[in-house]
Amino acid sequence: MEKNKLNYVVKEDSSKPYKYISKEKFDILKEFHKNFLLINNSCENFNNSLFASHNLMGFLNGEDYDKKLSLTTDAPMIKYLTLSTILFSRIFIDNLRHLSRQIKSNEMEVIINEYDEKDEYKMMRALRNYTSHKSIPIYDLSLNSSSSKKESYYDIIINKNELLKSKSINPRDKKYFQNLQEEKINLKIYFEELERLNKKLFVKILEEFSNNINFKDRSTFIECFDKRYEIISELIEIRPNILSIEKYQGSFGKYNTYKSVEHYYFDRKTVEYLLDKFKQMSKEITIKNN
């Protein structure tokens, strides 16, 4: 190799250059990286909402039956996980709205508005606003047990009348709480449905985002990131997540040395989401053409 020659590569974190690509493909992926960062924020918020929800529901449902449940010790954790789930669910949908405006997608905006009008998202919005001025509004924790079924679980109860006592409540949230049919509401039912809705919404947004990416960008992304490149001599298998320009510095013994002069990080979880979607779209195009 000539000294100071530039090489265009995809590689794993901290890995030496392995997969060499053309400058044309590098430029395509470099430009695509701007859109990748937008959807990556949404993917991270989606993952956060799932993580919070899974932890909360696991705790409420007493997945470890042998664990002795105690309101005294469990209540602080339940309050923390409840608040986390409320906040992350709202951050998730608010971030999606930002994404739709960044890529100027009216279709995406319509989808988000449709979901944001569902009762579960309205409840999370009202509770998020309430907790920004007061503490988490859990009115009661109900511990339910059945020795015959070997199960124990919590219900999270909020009280409509208690919520309406707040002087800082805004008119929209006040109207929402007033329209609730029951005085005491079990939030667990909302959280169970919310997780399902978050998953459905994310799938639709990923679909709409992918529809805004041209075929050449999608195919280049698949070609460069959908492989595990094996370095046989070192028994290393890598899954690339970095796009980089490496400058050849010289040889020291049997080793070549490189210096990164430009690089772009692609979060691996988001890469997997996009690979699945892009490959699905490629198959659909192939079937249609045949």
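Start by selecting Lys104, which sits in the loop between helix 2 (71-102) and helix 3; helices here are DSSP runs of H or I with at least four residues, numbered from the N terminus. This is a predicted model, where local features need pLDDT of at least 70, side-chain atom pairs count only at pLDDT 80 or more, and totals for chains, interfaces and linings use all residues. Residues are numbered from 1 along each chain as its sequence is written, and side-chain values use heavy atoms, with hydrogens and water left out.

Still on Lys104, check the backbone: its phi is near 55°, a positive value in a residue other than glycine. Lys104 counts as exposed because its relative accessibility is 71% (exposed means over 50% relative accessible area, buried under 20%, partly exposed in between, with a 1.4 Å probe and protein chains only).

Next, pick helix 3 (residues 106-116) and colour Met108, Glu109, Ile111, Ile112, Tyr115 and Asp116, which are buried. Look down the axis of helix 3: these buried residues fall within an arc of 160°, so they line one face of the helix (the arc is that of the directions from the helix axis to the C-beta atoms). On the face turned away from that buried side you'll find the exposed residues Asn106 and Val110.

Now show helix 4 (residues 119-131) with helix 6 (residues 171-178). They pack at an angle of about 125°, with axes 10 Å apart (axes are lines fitted to C-alpha atoms, for helices over the stretch in contact, and angles run from 0 to 180 degrees between N-to-C directions). To see who meets whom, select Arg172, Asp173, Tyr176 and Phe177 in helix 6; residues meeting them from helix 4 include Lys122, Met123 and Leu127 (contact means heavy atoms within 4.5 Å).

How values were computed
Helices (H or I, at least four residues) and strands (E, at least two) are DSSP runs, numbered from the N terminus.
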